[in-house]
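Student: I'm new to this one. Could you walk me through how to read it?

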Amino acid sequence: MRILACVKRVPMTGGRIVLTEDAQAIETRHLGFTISPHEECGVEEAVRLIEAHGGESVALTLGPPEAEEQLRDAMALGIDRAIHLVTDGEEWDPQATAGAILDAIRADEAAHGAFDLVFFGNESADAGNYQVGIRVAQALGRPVATGLKGVAVEDGSARCEQEAPGGRDVYVLPLPAVVTVLEGLNLPRYPSVPAKLRAQRKPLESASPARPGPRLELVRLVVPEGRRKEAVILGHGADAAPAVVEVLQRIGVA
Amino acid sequence: MTVLVVVERQPEGPDERSLQAVAFARRLAGGEPLHALAIAESDGLAAVLGEHGVATLHVAEHEAYSAYAPYAIAAAVVQAAERAAASAVVAAGTERGNEVLAHVAARLDVPFAANCLDVGEGDPLPVTRVRWGGSLLEEARVHGSPKLLTVQPHGVAAEPAPAGPAAVERFAPTLSEADLAVHVVERVETTAGGVSLADAKVVVSAGRGAGSPEGFAIIEELAALLGGAVGCSRAVTMAGWRPHTDQVGQTGTKIAPDIYIACGISGATQHMAGCKGAKAILAVNTDPDAPILASADYAVIGDLHEVVPAISAELRKARAG
């Protein structure tokens, strides 16, 4: 089978978000980057499915030249090859993102055959627009199930599990299909050094699509006020225990 | 502006988050009669929605709605928006609300702004929406028509606006083969063990500072004494020390306890996005400058391996005495 995993490069924000002067982006000069968490689980699941069923796994990202790092990370987890839709670093809105991914999928499928499954994160860690996977699925005319914590392939269909109050809701999608997944779907492996070295030599093709004008148009980012509290220091070390218990009693939970 | 609100229901009536979306939609409608859409049943809904300012309740009826079916619901939303001549469609930013409006957006090829907190006037329409699970806000302008917006759950207060019961208009949406293809086929019940993290009154959690999976024994002990649940940071689940179901954070569980006791947790934005709902936060940390102290109500400066057993011992002593 053939599986595609779509990923997004996002900064690791740490304790406090600082914006660029024009408030158009997060100041990332001192930050590392990672694959958005939900999508990392999509990559791991794609690799496991290919390990179990055979075939080819492909990772795809739309992002700046530096996003090659995340494609190499995906290939270090076991993805066979990658497609990089290179941007100039400006953010693409979800409609434009879905359009570019759709074009890339169609081109790859024309050359290599249909993807049985396309993985997306349910929502990206940064923008959280909750829609790119659904837009791509609708445009491809394929079924999509979202927010999944379980994906199993059996007899030409995907059994998909989604957490629901008191249990799990199950969908069965005929393949080819699109799925959007959540962290917790699996525990992504930690890549070995040889796997990282192999990833550097795996094939990566790139294209530079033109960015359409945004229709969900970012005006500016704002760091919310937040709680900004002056924490009451109850004490140091074990000596603080009586003061803690007093607080717990006052709140009514002790 | 004519606005249609998609209402989700719970067994006891409309979902609280849908009533919040109704309040948001009323602001957007600016005095125009407000339309709502419910799927399949309307029992008691028209009266409650009327009290929240809804003039007309459209009820989509079709056998496809016996189980959750996102494509079929999106088809009903598109058709109800046409019936109401709506210039905007609003839903709660729940998993299902966001899923359905994304389907509507794909069908109509228009933008969709998820998890909004505020809305202005004009075209393109100014909105404020959340990013990073609420750690960052985005001011954006929504082009196209109709405007599709979901409302950040608990980001806007529900406000009654008493009027008579909403007029009910039933309709049977036209559904294609593809609309019927995706639906819940089965509900697997899971037997919950202990207190659920999302509903716990007390959550005691630890980060990598616990040192090992065994390091959580003292966290479990304190949580059990307080009748609470155990949580952890993302670093802990990624290390494989605890299951993902214990993870508090943007990509884990969002909690809302009376008190959150966070031990050896620095307070990364990823984590804080999951515990914003806590009424009080007690941080136990060796570092008095850890970011979590800026969001905490109480703090103990010290090593969790000393502090947590001491709290448990003190609790036992207080109860014995």
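Student: Into which domains is chain B divided?

Tutor: Domain bounds come from an automatic or database domain assignment. Here, chain B splits into domain 1 (3-181) and domain 2 (202-320). Their centres, taken over C-alpha atoms, are 37 Å apart. Before we go on: this is a predicted model, where local features need pLDDT of at least 70, side-chain atom pairs count only at pLDDT 80 or more, and totals for chains, interfaces and linings use all residues. Residues are numbered from 1 along each chain as its sequence is written, while chains are lettered from A and ligands numbered from 1 in the order in which they are written.

Student: How many residues of domain 1 of chain B are in contact with domain 2 of chain B?

Tutor: Contact means that the C-beta atoms of two residues, placed from the backbone, lie within 7 Å. In this case 4 residues of domain 1 of chain B touch 5 residues of domain 2 of chain B.

Student: And how many residues does each chain give to the contact of chain B with chain A?

Tutor: Chain B gives 73 residues and chain A gives 67. On the chain B side, 41 are nonpolar, 17 polar and 15 charged. For those classes, Ala, Val, Leu, Ile, Met, Phe, Trp, Tyr, Cys and Pro count as nonpolar, Asp, Glu, Lys and Arg as charged, and the others, Gly among them, as polar.

Student: What should I look for in a pair of packed helices?

Tutor: Two packed helices are described by the angle between their axes and the distance between the axes. Helices (H or I, at least four residues) and strands (E, at least two) are DSSP runs, numbered from the N terminus. Take α3 (residues 94-112) and α4 (residues 132-140) of chain A: they pack at about 45°, with axes 9 Å apart. Axes are lines fitted to C-alpha atoms, for helices over the stretch in contact, and angles run from 0 to 180 degrees between N-to-C directions.

Student: What about strands?

Tutor: Strands of a sheet pair through backbone hydrogen bonds, either parallel or antiparallel. Two strands count as paired if DSSP finds at least two bridges between them. In chain A, β1 (residues 2-7) and β4 (residues 56-63) pair in the parallel sense over 6 bridges, and A:L4 has A:V58 in β4(A) as its bridge partner.

Student: Which strand of chain A is joined to β9(B)?

Tutor: Strand β12 (residues 216-222) of chain A runs antiparallel to β9(B), with 6 bridges joining them. There, A:V222 stands opposite B:L137.
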